[in-house]
Amino acid sequence: MRKITFFTFPLLCLWSFLVLFSCKEKEDIINVITLSDSPQVSFALQDLESALGAQYKLSGPNLADKPDIVLAVQKTDVLNPEGFKIEKTKTEIKVTASDNAGLMYGTLELAEQIKLYGLEGVKPLVRNPYLEMRGPKFNIPLDVRTPSYSDVCDAAQYNMPHMWDFSFWKDYIDTMARYRYNYISLWSLHPFPSLVKVPGYEDIALDDVQRSTTNWQEYYNLLGIGFDAPEILDNVEVLKSITIDEKIEFWKKVMAYGKSRNVDFHFITWNIFDYGTQGKYGITDEIDNEITKDYFRKSIKQLFVTYPDLAGIGLATGENMHGANAEEKENWAYDTYALGILEAAKEMPERQFKFIHRQHQSGAQEIAEKFKAVVAAENVEFMFCFKYAKAHVYSATQQPYHEHANYLQQIEGMKTLWGLRNDDTFYFRWGAPDFTREFINNLPHNDVAKGIYFGSDQWIWGRDFLTKNPETPNQLEVQKHWYQWMLWGRLSYDPTLSNERFRDILGSHFPEVDANSLFSAWQNASMVYPLTTGFHWGSLDFQWYIEGCKSRPSQAANETGFHDVNRFISLGVHPKSGNQSIPDYVKMVSDGKSTALRTPLQVSDELMNVSSSALDVLKKFKEPTNKELQFTLNDIKTVSFLGKYYAHKIEGATYLALFRDSNKKEYQELAVKALEKALDFWKRYVHQAKQQNHNPLWTNRVGIVDWKQITEWVKQDIEIAKNER
């Protein structure tokens, strides 16, 4: 029988020691020899052992002639931090890296190659990370008293208890490490009372974890104000009885575990919020309150004092600053956050700190000028972050907003984190490698990009609560949506990773179906999101949610929030999508001109093509027995129906606009016909989606998404077109 023998040596062990253990015996043995005993490498070794076991689990070829696998940290000019090299000879497969993080990634890469191609198929390569920081944006629902921006929604209310479950973080961190993410940013309006005991303000620290049992309203303030209303705080349940000291030990354990997987933690806040302070010590959210400034400054310092593995702190200015100008905002931020981290850095000179300032409702030049002392600190790394694609990363592979803001010139060559917001794919599994790769390659990179964060303001990527009869109850969202999260993590680390690799990963994950066909169907269906949103451009999260065809309604106008055929005519296109708006198309037709842009009817055709292509592939598949594959194929089918709905809706809106301009009856007839088809595919979409998903869904930005109610609004589009005179 085959044996896998692991030999682990201290990092500084002499290389010559390997000779003693590299000889093959007659018995079939694979020697896996590592000079590193770091937890990062030990983690990756689990995958390597699994891959070897999976590939060679049966008796067969004599493995005595198989090579040893050697893992080692070695300084070399060709490898950057987190980079690795795989070399192969007849007697040895060697993975080297300049640090343990790189050795972990190299070992994970080797494990994947062995799993997919066998020992014989291992290929030499050298890889350095393309983007230095790769992490999720996680709006964390800690407690009703210390809410995040996203707390007033189903996803947050369901996931609040999971935030205090170590098994969640263990699985989450392991998953993110495998996808090559190396930090987690936890976003909160004011997390400090749930995390630290601040000297001089000890009475603010909160015991227990509480969740409100109030009869929630559908809509709350878009700036995160009012989450401490009496009806919210006066009706609570205790989810977990836990002291503040136990909370601190919990988060120390979580952060230490993250470090063992090369995953750092950062807390990022919006300001000025005083949630959880309950008016104690005279703290308010007023910008000129000196007590508040002192409390915040000490809170920032205490975070680092309390948590030795905390990597950094970040902030945004402007959400709750009561009309202050840019200078006043940045003065406050400097007096609190900057001074707090500078004090911590001075007292802990051996430690490295990261300071992230989001350029939001303030100017980058003002920020750079005000925070010169932070930039100059030897053990503090200052960086900006910028909402690169507004709220919809799935819109176009090029984005204009940093150009509009003259952002690169304003930050004066300093590094930035590009914020990639995904307020689009909550229900359905997404997977388009070509789009992801092109998007990442188009990011401003050289001497500018520090990295990315990928995530949502309208969703909590915690545990799944939408799936009916799940195979794995309470599955991690990043495991349910594994392909999407893997694509953004792996391609941010290495955008040269080929489609062939992703096809092979799909083939290994779902061996029941043809990998090429699944790859094609999934990518085509996933393009429904950027094709639609690139044409129908509501840039912010409350302005467009594609899976519900709605936005936040204007209460003054007595709107439903549904984007009807009129809204599809009036709303513009994404500036970098290459699309032509419906009004511009109508004028072009009227003037007898042409365009190099993609016309609305061409967008409609492309949506039809990708949706039909995906559905045609699905027809060839037999009914799967694997439940995850069933769910995945159902999602592809569901999104394809959604794509056909939007294709016909765009077609109908275009013809209706042409009719209004020309009064030609044939245009009205074409509009009605297209919108009737749109209704048919919306019904198919809802029927397919409800087979495996719970609905309605309460979201914090566009309110309740009720597919049954929306169906009635879809019907009204036909009447709008029919009644046009």
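Predicted model: local features only at pLDDT ≥ 70, side-chain atom pairs only at ≥ 80, totals over all residues.
Q: How many aromatic pairs does a search of the whole structure find, and what kind is the pair of phenylalanine 382 and phenylalanine 384?
A: Rings of Phe, Tyr and Trp (its six-membered ring) pair if their centres lie within 6.5 Å; planes under 30 degrees apart are stacked, over 60 edge-to-face, and the rest tilted. The search of the whole structure finds 75 such pairs. For phenylalanine 382 and phenylalanine 384, the centres are 5.3 Å apart and the planes stand at 85°, so this pair is edge-to-face.

Q: Which residues touch the most other members of the largest nonpolar core?
A: A nonpolar core is a set of buried Ala, Val, Leu, Ile, Met, Phe, Trp, Tyr and Cys residues joined through side-chain atoms within 4.5 Å. The largest one has 212 residues, and its largest share, 16 residues, comes from H22. The members that touch the most others are Ile69, Trp169 and Trp251.

Q: Which residues does tryptophan 251 touch?
A: Contact here means heavy atoms within 4.5 Å. Leaving aside residues up to four places away in sequence, tryptophan 251 touches Ile140, Leu142, Met163, Trp164, Trp169, Leu186, Leu195 and Tyr307.

Q: Which helices do the buried residues of H21 pack against?
A: Helices (H or I, at least four residues) and strands (E, at least two) are DSSP runs, numbered from the N terminus. H21 covers residues 600-620, and its buried residues include Pro600, Leu607, Ala614 and Leu618. The buried residues of H21 pack against helices H17 (515-526), H18 (528-535), H20 (582-591) and H22 (627-662).

Q: What is the radius of gyration of the protein chain?
A: This radius is taken over C-alpha atoms, and the globule rule is 2.2 Å times the number of residues to the power 0.38. With 725 residues, a compact globule would come near 27 Å, and the protein chain agrees, because its value is 27 Å.

Technical notes: Residues numbered from 1 in each chain as written. Heavy atoms only, no water. Expected span 1.5 Å × (residues − 1). Buried < 20%, exposed > 50% of the residue type's maximum accessible area, 1.4 Å probe, protein only.
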